[in-house]
Amino acid sequence: MVTGRKLGFTIDLGKLHNVSLGQGQEAVAEVAMEMAAKEGHWVILQNIHLVARWLGSLEKLLERCCEGSHQDYRVFMSAEPAPTPQEHIIPQGILENAIKITNEPPTGMHANLHAALDNFDQDILDQCRREQEFKTILFSLCYFHACVAERRKFGPQGWNRKYPFNTGDLTISVNVLYNYLEANSQVPWEDLRYLFGEIMYGGHITDDWDRRLCRTYLEEYMQPNQFDRKLALAPGFVVPSNLDYQGYHGYVDEMLPHESPVHYGLHPNAEIEFLTVTSDNLFHTLLELQSPDSVMGEGASQTVEEKVKTILDEVLEKLPEEYNMSDIYEIRRSLKELDLGLKGELAISSEMEQIQSALFFDNVPDTWTKLAYPSTYSLAQWYNDVLLRCRELDSWTQDLALPTVVWLSGLFNPQSFLTAVMQSLARKNEWPLDKMNLTVDVTKKFKEEFNQPAREGAYVYGLYMQGARWDTQGGVITEARLKELTPSMPVISVRAVPNDRQETRNIYECPLYKTKLRGTTYVWTFSLKTRERPAKNFVEEKLGVKYTEGRKTEFAKSFRESGPASPVFFILSPGVDPLKDVESLGRKLGFTIDLGKLHNVSLGQGQEAVAEVAMEMAAKEGHWVILQNIHLVARWLGSLEKLLERCCEGSHQDYRVFISAEPAPTPQEHIIPQGILENAIKITNEPPTGMHANLHAALDNFDQDILDQCSREQEFKTILFSLCYFHACVAERRKFGPQGWNRKYPFNTGDLTISVNVLYNYLEANSQVPWEDLRYLFGEIVYGGHITDDWDRRLCRTYLEEYMQPNQFDRKLALAPGFVVPSNLDYQGYHGYVDEMLPHESPVHYGLHPNAEIEFLTVTSDNLFHTLLELQSPDSVMGEGASQTVEEKVKTILDEVLEKLPEEYNMSDITSKTAERSPYILVCFQECERMNTLIYEIRRSLKELDLGLKGELAISSEMEQIQSALFFDNVPDTWTKLAYPSTYSLAQWYNDVLLRCRELDSWTQDLALPTVVWLSGLFNPQSFLTAVMQSLARKNEWPLDKMNLTVDVTKKFKEEFNQPAREGAYVYGLYMEGARWDTQGGVITEARLKELTPSMPVISVRAVPNDRQEMRNIYECPLYKTKLRGTTYVWTFSLKTRERPAKWVLAGVALLLSV
């Protein structure tokens, strides 16, 4: 029809005849075709499969009309495909002559949204005089249409029933939108939502819960804030502003995130459920298409009949006696009949054949399901469920007392039980039944923890939640965990209350169904608590956005409150230079060093006299004075206090003093005089937290004048924005600890402003953007000047390679998923773009895996609780009434350690076992010597402490430290100095020492290289890896300085090896952080959520000459001893990857020997 409008063939012009066949429309179609053939019209014949008897006439009519017809004459036909070849009715002649087109419905949000937009063109977009509102709401409608259409694939979790939503619903809705916008000065939101949700789309819907879903979609996707680009249809995908037809398609291609159930408001688990159901149905259908004999296969130990007879006997054997229950009777009756049929004593009826087939394919026979309850179980699961229900009834029928906790899922009619709860409480309290409703309280316990029934109502169990989960501690619905598709619910207390006492705030009306099929299995509606709006939303609503966003206060506002007698005191924070704000404001107001009206004194090294002269001159002339780091001149602070008082008396009105100092670590080290603090305006600028705040803070270092200063405006602005994002990344990445940066670096705003100055100079001096020069200057000199670790330098370099590319000028460079480098905007435009388009805070912004957030939070909480524990005295930690004193607990630990501590290795015996001194044997000797040193120190220090605790020796400071460490489960410092890097607690560490000793015991028996070497169990793993190189260098006579290690990750684990490697060695005990190893694919791949450090298979380590080293598709992966990384570096392993190595560099992927 769209093409027809363009070419002038429309129903209004009488040149398009649309005939929907059926109900005697064949004659109308014949007249229309004959007229169209003469006049050159178009004819649409819809649903020709509905008029099977007329199809022969149609075939002849098509042939007759095309002879001598007008050249514009066209016929368009539609029909549904035949379900089977036997039901094929379309004549061969029609099919042979026709151009056959099939339009499969689009799959996925991307295709559905494009298909929805394809229903319109530029003329339709331009037709409304209220262009922006029309286009914006039209786009939201297209997204809504794509949602409701594609949501069908998620089955009952998508829609309870299947509805024939089609493009006609969308086009009619857009026509209604056009008419309503033309007729009203304001957008009639309520009217439009009602028309779309209750009439256009709602006209298809027959289920109340589906109607609620449709209504909720429209409430979410049609809001006034969509005109300000503040309405996100999906994470990071806001309703775009006024674009043209191609612009909307381009926006979808660029900005729509990858396909996910999240697009439809569903949890990612919905995708798992959809794929599981799809594959189950496929395999089940394939199985049923085969005959039972082919399923059994040749040589099967049983025939089909024998297998059915076995199942039949098992069912009858376990089947309980009846309670006057028709379903048990039916099972027994039908199986006994089938048994007689299999024995040949009865003729096999069609019903018996169906039951036989069902038993064979593990399905529940239809005759049983009709008398039973809705279920999606296989026969085995279903029958086990029936037996459990019988057992539950046995218990209930003993004394007919209400069970302590009722298995609601085990009832044929759970509605009747819930109604009974209401009736019981209505009688007890004399409440009218029609003015009552059920209320539920989800307890924190499970069935086994209850020993008496509820005082009012009943306790029920056996419920599961789909699409979310219940937070037992918080008592609210919360986000589901990945791969937990239907987590079980705790016991629920069900009561009845009058309607006016029903809780309505923060409630989700949750439907209860008998099975996943939902639909007609509806039971009841439970009102479940959902979390109140976060405090952030509350504060934003009541006080304003300025109290929640991480933007710093404009310094000019603080400056207005200052005066000659009120200096401004900056309390310094790491990575923040507040004095830049002073210099920036000074430039605007004419107070600069160049004009001689700004005096900047960095105190220390005898600068006090310079400061005094500057202050006295500034007081007279009306200048500004900056005194940096006054905490460094403690002795002069008294003089400074008096000088500030003296200078402000009779001073020039423009005179100002700006002071900076670091905060005192403790109250005892506080040295700033009280008088200075009382008179000063105190300002502290905490470093921003999160990408949103960091990116705003980076942009705040510039203004519109700086953005406009370069003659090559677009290139300057675009690269400046990328630099700001890069700066925000490197600054905030610190919070992720060693996975972020191996060491801590003082990146600050000075690095960013200097980089932008360099950018400006290079763009002005070059006709082309000198990408390599800029990356080198930023990554190796400006930011790289702070960096001391080679792996951190590689990370910084990779960031710049990723964020500074020529394609960023075409809005094709995504800094984060769905967040591309914006085009040429003004200063406020960039801030607005960040607010609208930056996705929610996530480690993904920095190139890290989401697991990094879990690790960061875990480490933070561990450190917090460990510090709190150590702040208390040992006696307070033990608590009153403890069964042991501190000394007794330490003595117990001490005795346990000494009891398990092995003897030292007899090095003379070990070395005398062989005269050979191969590199591997030398490594073994070195490890034994290191272990001896550690064992000796542990035994010596503990025996000394034991004597001290007995009172036979005076307690020294070293003994006190060891006692404190044992009490708090820490490894004493004197032991760690002689041991190996470790993050373990004492108990874990000591167990690790014993495992290492056991490994050495095995190695020293015959000094033969172990089949698989526990690399993590060596004091010095570098020496072992060097020994691998030395052995192969000697064997092959290769120069050692021209060799390198190569690794092959096997598909096996330690237990599967029974002989050592032919060349090199097999090693195990390694873990990967930031990613995982795909054992089948033999490459690094994306980590699984919540798997922080998955273990690696056994690795084959060999040495090869440098020129044979594999370099393609390789990620140079550092190996560290612990998660602390840094100085625990061991080696670099070259691991295979299908992804670009840059991805793993940004993700901080490394191998670890200990986790």
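Tutor: Let us start with one term: contact means heavy atoms within 4.5 Å. Leaving aside neighbours within four places in sequence, Thr-525 is in contact with Trp-209, Glu-509, Cys-510 and Pro-511. This is a predicted model, in which local features need pLDDT of at least 70, side-chain atom pairs count only at pLDDT 80 or more, and totals for chains, interfaces and linings use all residues. Residues are numbered from 1 along each chain as its sequence is written, and side-chain values use heavy atoms, with hydrogens and water left out.

Student: Why is Thr-525 called buried?

Tutor: Buried means under 20% relative accessible area, exposed over 50%, and partly exposed in between, with a 1.4 Å probe and protein chains only. Thr-525 has 18% relative accessibility and therefore counts as buried. Its place is in strand S13, residues 522–529; helices (H or I, at least four residues) and strands (E, at least two) are DSSP runs, numbered from the N terminus.

Student: What makes the link between the side chains of Thr-525 and Tyr-522 a polar contact?

Tutor: A polar contact is a pair of N or O atoms within 3.5 Å; within protein, one must be able to donate a hydrogen and the other to accept it, and residues adjacent in sequence count only if both atoms are side-chain atoms. The side chains of Thr-525 and Tyr-522 are joined at 2.6 Å, and this is a polar contact.

Student: How do you know whether Gly-4 is buried or exposed?

Tutor: The relative accessible area of Gly-4 is 2%, so Gly-4 is buried. Gly-4 lies in helix H1, which covers residues 2–7. Not counting residues up to four places away in sequence, Gly-4 touches Phe-9, Thr-10 and Trp-42.

Student: Which classes do Asn-47 and Glu-430 belong to?

Tutor: Asn-47, at 25% relative accessibility, counts as partly exposed, whereas Glu-430, at 71%, counts as exposed. Asn-47 is found in the loop between strand S2 (42–46) and helix H3 (55–66). Glu-430 lies in the loop between helix H19 (414–429) and strand S7 (436–442). Phi is positive at Asn-47, near 60°, and also at Glu-430, about 55°; neither residue is a glycine.

Student: What makes Tyr-373 and Trp-382 a stacked pair?

Tutor: Rings of Phe, Tyr and Trp (its six-membered ring) pair if their centres lie within 6.5 Å; planes under 30 degrees apart count as stacked, over 60 as edge-to-face and the rest as tilted. The structure holds 53 aromatic pairs. In the pair formed by Tyr-373 and Trp-382, the distance is 6.4 Å centre to centre and the angle between the planes is 25°, and the pair is stacked. Both residues, Tyr-373 and Trp-382, are buried.

Student: Why is the pair of Phe-1057 and Tyr-1066 called tilted?

Tutor: The planes of Phe-1057 and Tyr-1066 are 50° apart, with 4.5 Å centre to centre, and the pair is tilted. Phe-1057 has a relative accessible area of 15% and is therefore buried; Tyr-1066, with 18%, is buried as well.

Student: How many helices and strands are there in the protein chain?

Tutor: The protein chain has 42 helices and 30 strands. Of its 1155 residues, 46% count as buried.
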